[in-house]
Amino acid sequence: MTRYLSIFLTFARACLVRDMTFRANFVLECVTSLGWMAMNLAFYLLVFTFTPEIGLGTGWTKEPFFAFVATGLIINSIVQALFMPSAEELTEMVRTGGLDGILVQPLDAQFLLSMHRVDFSAFANGLVGVGLLCWAIPRLPQPPHPVAILLYPLLIACGVAILYSLVIMLAAATIHLGRNQSLYDFWFYLTNFSRYPAEIYSGPWGGPLRALCTFVIPILLVVNVPARVIAQPLTEQGGMMVAGTVFAAGAALVISRWVFQAALSKYRSASS
Amino acid sequence: MHNSSHPRTDAPREAGEPVIDVRGLAKEYRVFDKPEGLMASVTGLFNRKSRVVEALRGVDLRVEKGEFVAMLGPNGAGKTTFLKLLSGIITPTRGSATVLGSVPWERTDDFRRRFALVMGQRNQLWWDLPAAESFRLHKEIYRIDTPRFERTRDELVDLLDVRKLLLRPVRDLSLGERMKLELVAALLHEPEVLFLDEPTIGLDVVAQHSLHRFLAHVQAERQMTVILTTHYMKDVAALCKRLVVVTQGSILYDGSLEQIVDRFTSHKIVTLDLDAPPDRAAIDRLGFPCEIRGPQVILRIDRTRIADVLPGILRGQGVRDVSVEDVPLEEIVAEMFRSGSTAGTDGATGAPR
Amino acid sequence: MTAAASHSPPSGFLARRLQGLRVWWTMLVICLEERLVYRGDFVLGTLMRFLPIVTQVFLWTAVFGATSSGSIAGYSRNDIVAYYLLTMVSRAFSSMPGLASGIARSIRDGSIKKYLVQPVDYVGYLLAARIAHKLVYYAVAILPFAGVFLFCREYFPPIPDWTTIGAFALSLVLSFLLGFFMEATLGMLGFWFLEVSSIVFAYMLVQYMLSGHMFPLDMLRGIPTGVAGVSVADVVRFLPFEYTAYFPAAVWLGKVQGAELVRSLLVEAAWVGVMIVACRIAWWRGTRRYSAFGG
């Protein structure tokens with residue numbers, strides 16, 4: 001375990017060295033992702049000029065909602081920084097044979113393939129997320145429960161784990177399909193549903209959609225559960241959600257590992 | 001020293017288990033008539049048209065410790081497939097193989113720490129970083145302790161004279177320089193077995209030569225077992241005593257470099273330098289296939305008759321110089337590739353079907 | 001294709017036009033074949049592009065649920081759904097994926113040289129290629145679009161009169177031209193800057209927000225600029241961006257009518273003119289700079 005950590009740190013160090021050699025590019029990437037985020041925040045501010053709350057009686061008034069947005073920023077920036085760059089490279093590695101070089105190394109292939117690149121510029125949004133959270137928390141209608149503060153990092157980790165599993169499964173699909181230009185699109189459309197509180201999905205269409213994105217592809221648990229725990233009063237139903245999220249994260253990791261190994265073994269028996 | 005363990009059919013094996021032991025290894029893979037488009041790919045999940053390609057058709061090979069084996073064959077002969085199987089990158093359809101006592105495709109970490117694979121056309125080093133960073137990573141992945149790492153690195157770097165390249169980004173290096181650093185990286189963990197897949201492809205003569213010197217030296221010193229695939233006869237001649245010729249997934253020849261000449265050619269090439277361009281009819285009268293280039297005559301003479309015929313020829317008028325040579329290796333091998341002949345394999349070392 | 005066209009330089013004006021037409025036709029056929037091979041992919045991809053709208057619609061539904069009034073900035077909930085769907089139509093005309101970056105790339109890697117040598121007008125060629133692409137795109141995309149619109153027909157107001165439909169069609173054609181010449185001009189900045197991808201990204205950001213792709217621009221009416229009596233909406237109205245998404249949708253929904261409609265169409269046409277001139281100047285000065293300094 002410590003060995004994997006030290007290898008990961010070596011990867012991270014190498015990527016940092018690389019980013020610093022292309023400093024201008026690094027700054028540009030930070031600025032563009034910050035620009036995108038600022039635009040979204042402006043949009044939310046605009047929405048709150050028309051309504052005090054998103055969904056009647058949901059409790060997502062301005063400050064809790066911005067705590068929600070901050071949570072989303074933090075989770076997404078972790079995934080974007082640690083896992084997306086490697087996953088995007090995977091198809092290219094299959095095509096050029098770089099995957100072969102990975103498979104002969106005495107390390108877990110999934111670890112190497114999903115974590116060998118770190119995109120430090122993606123942390124910029126996460127930092128803004130932390131700042132936004134620090135702004136929102138003292139302004140919440142009620143201060144977060146101490147238990148909630150303890151649970152929050154765990155649930156963030158669960159959210160990251162669920163997204164990681166999705167990335168891994170999409171990457172496994174690209175090994176099969178042999179191309180990845182749609183990987184990022186698909187990722188974008190899928191995670192798009194996790195951007196807002198789950199309560200907005202109601203009605204004859206919203207209900208089934210919410211169920212689908214909670215129980216089948218647990219994308220709605222990713223941001224919603226940690227954000228709800230920190231920004232809304234703790235309830236019994238909330239306890240269930242926490243347990244469900246921890247379970248979903250574990251299950252997602254196991255299933256994605258299985259899918260990924262299956263894709264690799266298919267690669268091994270199908271290629272020449 | 002690597003010729004001491006040349007495995008002839010009848011050679012006793014009391015020296016212990018061979019380092020590489022391959023029996024009946026076959027690899028077939030399906031080629032899908034790849035449907036275009038995402039939808040087609042999805043429907044294709046259930047209903048795909050495919051055909052089976054036999055990349056390797058039951059290969060047997062035993063390699064002893066410290067041997068340097070060259071694998072020669074045209075493109076698509078199955079050389080790379082063979083190395084990928086022995087590295088555990090892919091799994092075989094049939095047959096068995098052990099490398100260093102392990103089954104490669106079980107991919108135990110212990111096994112993977114004991115060999116290295118270098119592919120001439122692929123880049124293992126981090127493109128945008130100096131090679132020194134990749135080496136550090138290698139140290140972590142292969143758990144090399146620091147003193148050993150530094151000692152090995154310094155030794156290899158000095159042998160190849162690449163110390164000044166270590167701190168330059170790999171993307172700024174020439175192909176030859178990159179290949180040298182790839183080799184250093186691959187040898188850092190002191191593998192007992194080394195697979196080289198076309199390591200000299202695209203290199204200029206100077207770089208080729210220095211790689212040859214380096215490989216020969218390191219291999220001899222460490223008693224490493226090496227399998228090298230290549231297109232270049234020069235690689236073979238410089239490095240290997242044992243030659244394996246592969247075409248269409250089968251081994252055509254497995255034996256020493258010298259013997260391939262004995263086995264596959266019945267004649268020698270005799271070149272005569274004359275005072276003046278000769279009379280065609282006089283040469284034809286000798287009764288051998290010939291070629292006349294000005295005052296030079298090139299004859300192909302059956303090797304069993306050379307001793308009888310040559311004195312008579314030399315007694316003829318105006319012969320200034322003579323040379324007797326074997327048919328060049330390139331020519332023999334090219335002929336083997338072309339004919340795809342299955343003759344001439346040693347009974348036990350190759351079993352083509 | 002241009003290479004083929006330039007092998008035998010045609011003599012007269014008519015011959016040249018005919019040759020151009022043939023090039024254009026070949027391009028059209030190739031585009032069509034390409035699209036048809038990937039049609040499954042394409043339909044799926046087009047449908048996926050509607051997914052973000054689903055989220056937006058649910059968001060606004062929740063917002064309407066929490067407010068007492070039935071309208072926000074003059075939009076009912078149904079209007080909002082219809083608005084987002086209509087902006088998809090506007091974007092289908094005005095968006096030019098890969099145009100600016102493609103021009104910048106051909107400047108960077110030097111392939112633009114062949115347009116300096118050959119008797120082909122680069123911008124004209126790009127425009128023809130783009131029209132071909134778009135036509136083929138509409139031919140195939142009409143199916144998923146029709147499906148979605150039919151599915152969502154209750155959200156739309158009754159079909160407007162012919163004048164409005166005509167104005168809508170005109171605004172779409174103009175939005176295509178506006179989008180094309182804006183992006184082409186942007187790409188030609190590549191003559192001056194090595195890396196235009198960040199400029200393109202900044203443009204996309206501004207465009208996304210100020211074109212009305214993100215929300216109906218009428219919502220900015222209540223946002224003050226700091227100058228008394230001037231709202232953000234008043235400023236945005238003077239920029240070309242709104243014509244690439246907001247304006248055609250607003251026309252269809254009857255938000256812009258009468259003299260206001262005529263005035264807006266004239267402003268849009270004026271913007272098209274300005275961008276054509278800007279594009280010409282950028283090309284002219286850019287190529288002069290390029291041949292002076294060497295690519």
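Chain A contains 12 helices and zero strands. The model is a predicted one. Along the sequence, the pattern of chain A reads α-α-α-α-α-α-α-α-α-α-α-α. The C-alpha trace of chain A spans about 60 × 40 × 35 Å along its principal axes. The radius of gyration of chain A is 20 Å. A compact globule of 272 residues would have a value near 19 Å, so the two agree. Of the 272 residues of chain A, 42% count as buried. Contacts in chain A between residues at least 6 apart in sequence were also examined. Among these, 83% join residues at least 24 apart.

Chain A touches chain B. The contact involves 25 residues of chain A and 29 residues of chain B. On the chain A side, helix 1 (2-21), helix 5 (98-103) and helix 12 (236-270) each give two or more residues. Helix 1 of chain A provides the largest share, eight residues. By class, this side of chain A has nine nonpolar, 12 polar and four charged residues.

Chain A also touches chain C. Here 26 residues of chain A meet 22 residues of chain C. On the chain C side, helix 4 (51-66) and helix 10 (197-210) each supply at least two residues. Helix 4 of chain C gives the most, with 10 residues. The side of chain C that touches chain A has 16 nonpolar residues, six polar residues and no charged residues.

Within chain B, helix 5 (residues 146-160) has 15 residues. From its first C-alpha to its last, helix 5 of chain B reaches 21 Å, close to the 21 Å expected at 1.5 Å a residue. Its buried residues are B:Arg153, B:Leu156, B:Val157 and B:Leu160. Seen down the axis of helix 5 of chain B, these buried residues fall within an arc of 100°, so they line one face of the helix. The face turned away from the buried side of helix 5 of chain B carries exposed residues. These are B:Pro147, B:Glu150, B:Arg151, B:Asp154 and B:Asp158. Cover for the buried residues of helix 5 of chain B includes helix 4 (131-141), helix 6 (175-187) and helix 7 (205-222) of chain B. Just after helix 5 of chain B comes B:Asp161, with a positive phi of about 60°.

Helix 7 of chain B has 18 residues. At 1.5 Å a residue it should span 26 Å, and its end C-alpha atoms are 26 Å apart, which agrees. B:Gln208, B:Leu211, B:Leu215 and B:Gln219 are the buried residues of helix 7 of chain B. Viewed down the axis of helix 7 of chain B, they fall within an arc of 65°, so they line one face of the helix. The face turned away from that buried side carries the exposed residues B:Val206, B:His217 and B:Glu221. The buried residues of helix 7 of chain B pack against strand 3 (68-72), helix 6, strand 7 (225-230) and helix 8 (233-239) of chain B. B:Gln223 follows helix 7 of chain B and has a positive phi, near 55°.

Chain B also has a hairpin, formed by strand 11 and strand 12. Strand 11 (residues 290-293) and strand 12 (residues 296-302) of chain B pair in the antiparallel sense over four bridges. B:Glu291 has B:Ile298, in strand 12 of chain B, as its bridge partner. Two residues lie between the strands of this hairpin, where B:Gly294 takes a positive phi near 60°.

Key. Residues numbered from 1 in each chain as written. Chains lettered and ligands numbered in written order. Predicted model: local features only at pLDDT ≥ 70, side-chain atom pairs only at ≥ 80, totals over all residues. Contact = placed C-beta atoms within 7 Å. Nonpolar A, V, L, I, M, F, W, Y, C, P; charged D, E, K, R; others polar. Pairing = 2+ DSSP bridges. Expected span 1.5 Å × (residues − 1). Buried ≥ 20, exposed ≤ 12 C-beta atoms within 10 Å, placed from the backbone. Arc of directions from axis to C-beta. Rg over C-alpha atoms; globule rule 2.2 N^0.38 Å.
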